[in-house]
Amino acid sequence: MTRPSPPPANRIPPLGWLLMALLALIWGGSFVANRQALTELPVLSVVAVRVAGGALALWLWIALRRLPVPAGGGWLIACAVMGLLNNILPFTLIVWGQTQIASGLAGILNASTAVFAVVVAAAVFPDERLTLPRLLGVGLGLAGVVVAIGPDALRGFDLRSAAQLACLAAAMSYALAGAYGRRALKGIRPEVSAAGMLTAAAVALVPAALAHDGLPAAVPGLPTLAALAYLALAASALAYILFYAVLTLAGAGNLGLVTLLVAPVAIVLGALIFGERLTAGALAGFGLIALGLLVLDGRIPLPRRRPSP
């Protein structure tokens with residue numbers, strides 16, 4: 001199936017922005033669902049249910065719609081690489097990192113995906129070149145994440161910390177996944193790409209969870225089951241359909257901008273659901289993120305230097 005080429009580096013089509021906002025809303029909600037699921041289940045079990053449930057839902061959809069599925073070793077290798085780069089490595093690194101460092105600092109380090117994605121895409125794709133608006137826009141957005149979460153979170157930053165390096169490695173893994181996915185899965189429907197990737201991740205994570213955690217002693221309560229359903233159906237199955245759609249519409253570099261949008265969504269949902277305080281700093285950070293995205297998209301043009309006479 002032929003897909004349109006991504007737009008120029010500093011422009012994202014309106015549909016791309018809409019899908020990115022929806023993706024950020026879904027992934028922001030996953031923080032709330034994770035918080036609930038982890039009250040009764042270990043980390044590895046939650047992640048395994050998430051990827052396995054998402055893969056099952058997508059394959060049922062593909063079967064009902066009779067969507068074409070590629071055959072051959074190249075397709076299987078692409079799914080395995082995407083499962084490793086986009087699920088297994090970042091999920092494991094971030095979860096482990098968050099057991100060692102504050103969640104605010106982990107959120108800031110995760111938002112660095114936007115920086116890595118722009119740089120990696122510029123190195124790989126000629127149509128996603130590194131421009132001043134892209135650099136300034138990503139910089140403003142990352143500053144907004146820091147302000148929204150709170151600059152105090154950065155006080156514990158130390159590149160010698162293995163946990164912090166793990167979070168940065170997860171961000172780089174996400175960026176590499178975007179670039180690899182654009183090249184290796186070109187022309188494949190988003191549902192099929194997402195199903196293949198989640199299946200590859202499930203093949204590795206489900207046995208690992210059973211070996212490490214075993215089966216739960218009792219059936220989890222209804223709130224936990226609802227959280228698991230959200231993680232599998234919304235935060236994995238639906239979210240990764242949107243992920244591949246954004247990758248096609250906006251390019252690998254712009255896809256990383258979703259991490260800048262996830263932070264404010266998670267903060268707002270935390271305030272609405274758990275009664276967490278929404279500070280003035282958070283609101284100022286949201287404004288900086290919005291400004292950065294407008295600059296990056298070219299809607300706030302930068303002044304051009306006049307040529308010398």
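Figure 1. At 3% relative accessibility, Tyr-244 counts as buried (buried means under 20% relative accessible area, exposed over 50%, partly exposed in between, with a 1.4 Å probe and protein chains only). The model is predicted, so local features need pLDDT of at least 70 and side-chain atom pairs count only at pLDDT 80 or more, whereas totals for chains, interfaces and linings use all residues. Residues are numbered from 1 along each chain as its sequence is written, and side-chain values use heavy atoms, with hydrogens and water left out. A search of the whole structure finds four aromatic pairs (rings of Phe, Tyr and Trp, the last by its six-membered ring, pair if their centres lie within 6.5 Å; planes under 30 degrees apart count as stacked, over 60 as edge-to-face and the rest as tilted). The rings of Trp-27 and Phe-243 form a tilted pair, because their planes stand at 55°, with the centres 6.5 Å apart. Both of these residues, Trp-27 and Phe-243, are buried. Phe-243 also pairs edge-to-face with Tyr-244, at 5.0 Å centre to centre and 85° between the planes. Trp-27, Tyr-240, Phe-243 and Tyr-244 are linked by ring pairs into a cluster.

**Figure 2. The contact of helices α1 and α9.** Helix α1 spans residues 14–37 and helix α9 residues 222–250; their axes come within 9 Å and cross at roughly 155°. Helices (H or I, at least four residues) and strands (E, at least two) are DSSP runs, numbered from the N terminus. Axes are lines fitted to C-alpha atoms, for helices over the stretch in contact, and angles run from 0 to 180 degrees between N-to-C directions. The two helices, α1 and α9, are therefore roughly antiparallel (over 145 degrees; under 35 is roughly parallel, 65 to 115 roughly perpendicular and the rest oblique). The residues of the contact of α1 with α9 comprise 25 nonpolar, six polar and no charged (Ala, Val, Leu, Ile, Met, Phe, Trp, Tyr, Cys and Pro count as nonpolar, Asp, Glu, Lys and Arg as charged, and the others, Gly among them, as polar).

**Figure 3. Arg-66 in the loop between α2 and α3.** Arg-66 is found between α2 (43–65) and α3 (73–98). Although not a glycine, Arg-66 has a positive phi of about 55°. Its relative accessible area is 75%, so Arg-66 is exposed.

**Figure 4. Cys-79 and Cys-167.** Cys-79 counts as buried at 6% relative accessibility, and Cys-167 counts as buried at 2%. The count of disulfides comes to zero (a disulfide is a pair of cysteine sulfur atoms within 2.5 Å).
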